[in-house]
Amino acid sequence: MTTQPNILFISLDTVRADVAYSGKYPGLERLRASGVSFTQAISSCPLTPVSHATVFTGLQPPRHGVRHLFREALDKRVPTLAECLSAAGYTTGAVVSCPGLNQWYGIDRGFDFYDDEIPLLPDGRDPLSVGDVKLRGLALKRAPLVVERATDWLGSLDGSGPFFLFAHFFDAHWPYEPPEDVGVEVANPYEGEVAYTDHYVQLLLRRIAEMGHDIESMLVVCFSDHGEDLAGWYPNDHAGDLGHPYEEGHGCLLFDATQHVPLVISGPGVPAGMSVDSQVRLVDIMPTVLDHLGLDPRSSDGASLTEFFADGTGASREAYSETYFPQERAAASDDYPDLKALHAVRADGRKVIWEADGRRVWAYDLADDPHELGGRVLVSDEDA
């Protein structure tokens, strides 16, 4: 049997595609130079637990069962990527750094080691008891500790088989206070947090190499679960005074500011320095990994991306996104009682967003309106 490659998943929580692909971040640029960058990757949900559940099951939220910030755990009948890799002989470990990936959600299934330790909030509360996505961001494991815990786990292995390591970095999340200047010129504190994360991603890769693991022979998947709406720092923002005051970074809206994310894959059998501009989805990650390793496929709402590895071409894929967080936001206070869950489909250069009850529907032509500022209302309350 052919020796399977070691696998490294890097999750850059809350990192927008336009920022990730700006060319400012040397770690990301090295990964891109060594693999395939999918420039039009779409997330299924602007919430950490929901999006990661999609990544690790290859299923959309209606099928894996996690749809709210903190209401449901992963459907126990759904196999995870870690379970599949464990059954194939992999030793599996994860270091995660925010409340949204706590073991409660069930995303730890299949991991031999799952470090989800994070501090309490500054006021002493358990962050899992708080529904405010911004406030929850104050409870995080910073990047240096992610690297330390991940490499400590790798150092504990006996080397008898391949490993699967999932390293989750939460630093780009609000409050945008980078702990140190890592020597990258940035436009704002959010980008400073991305640069800080990138610095420690580079350190993680160096440490792994120093431990004797060949990075070039490792399958590396680097992605973000969702982006961030900075309320005017970028031209496609919509939050705050731009018309959606209830949106605080991410969670309530399905515009590209939060749904368009980076996805880079490198490793054996993956061409170096290739960019794919066809639209793909995070739901495609699990079937891609299983296909690339020659493992049995699982029922999936995604499809393998290996077809793009030949020459970078292939058909764009219709992308579905949803968020039920507006329901939670409305229930949390009387400020926005009319917020409703949203669904979206992005395909063929267009996007349609609709409220769950169908009372309002908006259509966007992304070629003419790339920042989604002039949506055409197809259905409104008056029509219903």
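Trainee: Which residue does K24 form a salt bridge with?
Mentor: E191, with the closest N and O atoms 2.5 Å apart. A salt bridge here is a side-chain nitrogen of Lys or Arg within 4 Å of a carboxyl oxygen of Asp or Glu. This is a predicted model: local features need pLDDT of at least 70 and side-chain atom pairs pLDDT 80 or more, while totals for chains, interfaces and linings use all residues. Residues are numbered from 1 along each chain as its sequence is written, and side-chain values use heavy atoms, without hydrogens or water.

Trainee: Where do K24 and E191 lie?
Mentor: K24 is in the loop between α1 (17-20) and α2 (26-34), and E191 is in helix α8 (residues 189-210), so the pair ties together parts 167 residues apart in sequence. Helices (H or I, at least four residues) and strands (E, at least two) are DSSP runs, numbered from the N terminus.

Trainee: Is E191 buried or exposed?
Mentor: Buried, at a relative accessible area of 5%. K24 is partly exposed, at 30%. The cut-offs: buried is under 20% relative accessible area, exposed over 50%, partly exposed in between (1.4 Å probe, protein chains only).

Trainee: How many salt bridges are there in the whole structure?
Mentor: The search finds 25. Take D256 and R346, whose closest N and O atoms are 2.8 Å apart. D256 lies in helix α9 (residues 256-259) and R346 in strand β11 (residues 342-347), so this pair ties together parts 90 residues apart in sequence. Both D256 and R346 are buried.

Trainee: What about D115, which residue does it form a salt bridge with?
Mentor: R149, at 2.7 Å between the closest N and O atoms. D115 sits in strand β4 (residues 113-115) and R149 in helix α7 (residues 143-155), 34 residues apart. D115 is buried at 9% relative accessibility; R149 is partly exposed at 22%. A network of salt bridges links D115, E117, K141 and R149.

Trainee: New topic. Which residues have the most contacts inside the largest nonpolar core?
Mentor: F9, F38, F164 and L263, in a core of 64 residues. Helix α10 (residues 285-293) gives the most to this core, with five residues. A nonpolar core is a set of buried Ala, Val, Leu, Ile, Met, Phe, Trp, Tyr and Cys residues joined through side-chain atoms within 4.5 Å.

Trainee: And what does F164 touch?
Mentor: Its contacts (heavy atoms within 4.5 Å) include F9, F56, F111 and W153, not counting residues up to four places away in sequence. Apart from that core lies another, of 41 residues, among them A17, V146, Y176 and I208.
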